[in-house]
Amino acid sequence: LNSNGRPFFLGTQTMFYSYTDAYPHSSGQTSLMSLKAQILQTNWCYTNTDLADVQFIEFRIINRSSTPWVNTYLAFWTDDDLGISTDDKIGCDTIRNLAYTYNATNNDGIYGTAPPAVGTKLLRSPVIYTGNNNDTVKYYNPPGSQNLITKAGYKFIGMNVFNYYNNVSPQPSDPVSNTETYRVLEGKWRLGDSWVAPNGNTTRKCFTGDPVTGTGWLNPGENDRRFLQSFGPFNMNPNDTQSIIVAQV
């Protein structure tokens, strides 16, 4: 709320809502027990010329159960259908904490020539305790306010996983169980295989090349792609809160 006790609007337009998984439910081929998670989500945007194509989103995740969440991963997941969905590629920029979807060619069945790309820029990741006073996090709470929070002995996790899968074979295809989904959150294929970069090293971030110059490790082929930026593992005690903020560009 603002100083007058009214809803605090972050941008020219602001949406805010709350949801929970407080009830057992089904997801795909699995039944999931409730984690008693509450999500406070805020979306906002501006009419400024430089920000006209940007949407900001905060997910505030709260453990409302009486049980700690151990080895927790939180993730931002998206299935960007960039015009025609079957000609998409994906990639990530590890320096900019940016994940993106782009067209395989300079033509798309819906956009036509020179189709755009869409990126998800990580602005704030979950915070973990290190106990090292050289580690300090600073953030505004709520975003867009002047209320600066400074915490010594903590650090931001950052985008330590970028993973993707197809909706069809070949691998990596969609996870179909709780165990397979957790592996994907860890940065693996659903069956437990690790990504291997062109230099032969295993990694939790795939396709880190530059599609503009055509250099580095690029997503082969083209199809309908889903990807996620994942953060973890860490523990969340009852009533702990973590925040993820992204900008969709």
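Which side chains meet in a salt bridge at 3.2 Å, N to O? In this predicted model, they are the side chains of aspartate 224 and arginine 226.

**View 1. Seven strands line up in an open, antiparallel sheet.** Reading across the sheet, the order is S1-S4-S5-S20-S11-S8-S7. Strand S1, residues 13-20, and strand S7, residues 88-93, stand at the edges. Each of these two has a single partner strand, so one side of each is left without a neighbour in the sheet. Neighbouring strands here are turned by 20° against each other on average, with direction ignored.

View 2. To find your place along the pair, look for glutamine 13: its bridge partner in S4 is cysteine 45.

**View 3. Three strands make an open sheet in the order S6-S19-S16.** The pairing is antiparallel here too. S6 and S16 stand at the edges, and each has a single partner strand, so one side of each lacks a neighbour in the sheet. From one strand to the next, the twist averages 30°. S6 and S19 pair over seven bridges in the antiparallel sense. A handy landmark on this pair is threonine 72, which stands opposite phenylalanine 234 in S19.

**View 4. The largest nonpolar core gathers 27 residues.** Those that touch the most other members are Ile61, Phe162, Tyr164, Cys206, Phe207 and Ile244. Two or more residues come from each of S4, S5, S6, S7, strand S16 (161-166), strand S19 (225-236) and strand S20 (241-248). The largest share, four residues, comes from S19.

**View 5. Cysteine 206 is seen here with its contacts.** Cysteine 206 is one of the core residues that touch the most other members. Leaving aside neighbours within four places in sequence, cysteine 206 is in contact with Cys92, Phe162, Asn163, Tyr164, Trp195 and Trp217.

**View 6. Serine 65 sits in the loop between strands S5 and S6.** Strand S5 spans residues 55-63 and strand S6 spans 69-78. Is serine 65 buried or exposed? Its relative accessible area is 14%, so serine 65 counts as buried. The side chain of serine 65 makes a polar contact of 2.7 Å with the side chain of asparagine 63. A polar atom of the serine 65 side chain also lies 2.9 Å from the backbone oxygen of threonine 67. Not counting residues up to four places away in sequence, serine 65 touches Leu35, Lys36 and Pro238.

**View 7. Aspartate 79 and arginine 226 form a salt bridge.** Side chains of opposite charge can pair when their charged atoms come close. In this pair, the closest N and O atoms are 3.1 Å apart. The partners belong to distant parts of the chain, 147 residues apart: aspartate 79 is in the loop between S6 and S7, and arginine 226 is in strand S19. Aspartate 79 has 26% relative accessibility, so aspartate 79 counts as partly exposed. Arginine 226, at 13%, counts as buried.

**View 8. Arginine 226 also forms salt bridges with aspartate 174 and aspartate 224.** For aspartate 174 and arginine 226, the closest N and O atoms are 3.3 Å apart. Aspartate 174 lies in the loop between S16 and helix H1 (178-186) and arginine 226 in strand S19, so this pair ties together parts that are 52 residues apart in sequence. Aspartate 174 is partly exposed, at 24% relative accessibility. Aspartate 224, the partner from the opening question, meets arginine 226 at 3.2 Å, N to O. With a relative accessible area of 8%, aspartate 224 is buried. Salt bridges that share partners join Asp79, Asp174, Asp224 and Arg226 into one network. The structure as a whole holds six salt bridges.

Conventions:
Residues are numbered from 1 along each chain as its sequence is written. This is a predicted model: local features need pLDDT of at least 70, side-chain atom pairs count only at pLDDT 80 or more; totals for chains, interfaces and linings use all residues. Side-chain values use heavy atoms; hydrogens and water are left out. Two strands pair if DSSP finds at least two bridges between them. Axes are lines fitted to C-alpha atoms, for helices over the stretch in contact, and angles run from 0 to 180 degrees between N-to-C directions. Buried means under 20% relative accessible area, exposed over 50%, partly exposed in between (1.4 Å probe, protein chains only). A polar contact is a pair of N or O atoms within 3.5 Å; within protein, one must be able to donate a hydrogen and the other to accept it, and residues adjacent in sequence count only if both atoms are side-chain atoms. Contact means heavy atoms within 4.5 Å. A nonpolar core is a set of buried Ala, Val, Leu, Ile, Met, Phe, Trp, Tyr and Cys residues joined through side-chain atoms within 4.5 Å. A salt bridge is a side-chain nitrogen of Lys or Arg within 4 Å of a carboxyl oxygen of Asp or Glu.
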